[in-house]
Amino acid sequence: MYSAIFTGLKLLCTMSEEARDQETAKLLKRPNEVNEDSAESATKRIKAEGEHNEDDKRFPKKKVVLLLAYSGKGYYGMQRNPGNSQFRTIEDDLVTALVKSGCIPGNHGDDMRKMSFQRCARTDKGVSAAGQVVSLKLRLIEDIIEKINENLPPQIRVLGLKRVTQGFNSKNNCDARTYAYMLPTVAFSPKDYDTENIAAFRLAAETLQKVNQLFALYKGTHNFHNFTSQKAPSDPSARRYITEMSCGEPFVRNSYEFAVITVRGQSFMLHQIRKMIGLVIAVIRGFAKEEVMERSWGQEKVDVPKAPGLGLVLERVHFDRYNKRFGGDGLHERLEWEREEEAIKAFKEAHIYPTIVKTECEEGSMVSWMATLPSHDFEATVTGTQDNKDQKQENADEGNGSD
């Protein structure tokens with residue numbers, strides 16, 4: 001530093017008296033300014049660290065689970081994609097709210113591992129949830145749920161919080177997941193039905209019975225390699241266990257008839273549920289024979305259509321083994337949400353169902369998709385060219401798996 005000043009002073013000889021005075025003042029002042037800036041930065045840092053430590057003392061971090069509900073419209077799925085800020089996700093807004101409410105330190109927002117964050121299920125682009133669960137370490141501040149929600153948009157809400165064991169992981173400890181899929185019943189109309197007249201369509205009781213017979217075929221363990229992308233028939237992870245799948249009674253919203261399909265399984269792969277539903281629709285509408293379902297679980301590659309993502313909702317996640325082991329130990333709560341049921345129902349009625357109905361009525365995503373069914377070849381094995389085409393479409397769709 002002093003050699004730099006000395007060098008600078010040598011230059012003064014060639015300057016005017018006034019210029020020399022100004023330059024001398026600059027050279028002598030510079031090291032003091034640097035020191036002052038450093039001291040100020042250090043003071044700010046120490047103050048911030050002191051506040052951080054003080055918050056940790058007042059509110060030590062504890063392992064908890066949060067019950068989340070959200071409408072997925074406008075979001076690129078649940079999972080955060082660091083470095084891709086243009087693709088807004090549910091976790092982006094959640095983490096921002098956690099920082100703003102003081103539940104986590106600011107630097108934890110950049111690295112979610114610092115708070116041991118784990119989502120129970122990933123949801124795809126546009127997919128909603130009524131019973132998502134995430135596990136993480138939080139400062140248990142006063143009125144924590146209210147303060148988090150104050151910093152969230154209305155279409156995302158924290159509905160519940162429970163303490164869990166230190167080693168709890170919402171994904172690994174989850175035994176099963178239940179999804180619902182809300183669709184206009186015109187999806188089950190005959191192939192020659194005029195889909196311009198959606199409001200007039202009503203699902204016959206015998207057709208609903210046939211739909212449920214087909215959904216029942218999915219129950220049990222099958223090789224679902226044809227119901228996702230980049231899975232070989234020999235891949236053990238393609239085998240999935242389904243415990244329930246059925247379609248409920250129709251109901252009318254905005255003069256359209258809708259129905260809700262419910263499916264419960266241990267876990268689901270990317271697009272699996274939408275393809276399970278898509279194939280049944282293709283059979284019911286007469287574009288595919290029923291035998292294609294059993295063939296799709298075999299070794300050959302089958303062309304399976306993927307229903308739109310709009311109506312898919314993560315209904316709830318199940319922690320039966322955890323509840324059995326820790327739910328009655330007197331220290332931990334069971335991960336069940338009976339007290340939150342009314343809030344869950346109210347959120348669905350206010351944010352999820354109206355969005356699905358409004359979007360379907362305005363954009364007609366199901367009817368547009370139905371028009372693509374004739375382009376699928378359900379008889380032949382998928383060719384390499386078609387397979388590559390499908391893969392490109394999968395990659396263009398969304399980057400997150402269902403769970």
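Me: In which helix is D93 found?

Reply: D93 is found in helix α3, residues 90-100; a helix here is a DSSP run of H or I with at least four residues, a strand is a run of E with at least two, and both are numbered from the N terminus. Bear in mind that this is a predicted model, where local features need pLDDT of at least 70 and side-chain atom pairs count only at pLDDT 80 or more, while totals for chains, interfaces and linings use all residues. Residues are numbered from 1 along each chain as its sequence is written, and side-chain values use heavy atoms, with hydrogens and water left out.

Me: Why is D93 called buried?

Reply: Buried means under 20% relative accessible area, exposed means over 50%, and partly exposed lies in between (1.4 Å probe, protein chains only). D93 has a relative accessible area of 16%, so the word buried applies. Leaving out residues up to four places away in sequence, D93 touches Y75, R88, L152, P153 and I156, where a contact is heavy atoms within 4.5 Å.

Me: And what makes E291 partly exposed?

Reply: The relative accessible area of E291 is 39%, so this residue is partly exposed. E291 sits in helix α7, residues 291-296.

Me: How many aromatic pairs does the rule give?

Reply: The count comes to eleven. The rule takes rings of Phe, Tyr and Trp (its six-membered ring) whose centres lie within 6.5 Å; planes under 30 degrees apart are stacked, over 60 edge-to-face, and the rest tilted.

Me: Why are Y218 and F227 called edge-to-face?

Reply: With ring centres 6.0 Å apart and planes at 85°, the pair of Y218 and F227 is edge-to-face. These two residues are buried as well.

Me: What makes K191 and F287 a case of a charge over a ring?

Reply: The test asks for NZ of Lys or CZ of Arg within 6 Å of the ring centre and within 35 degrees of the ring normal. K191 lies over the face of F287 at 4.7 Å from the ring centre, and K162 lies over the face of W337 at 5.1 Å.

Me: Which residues have the most contacts inside the largest nonpolar core?

Reply: They are L98 and Y218, in a core of 102 residues. Such a core is a set of buried Ala, Val, Leu, Ile, Met, Phe, Trp, Tyr and Cys residues joined through side-chain atoms within 4.5 Å. Its largest share, nine residues, comes from α6.
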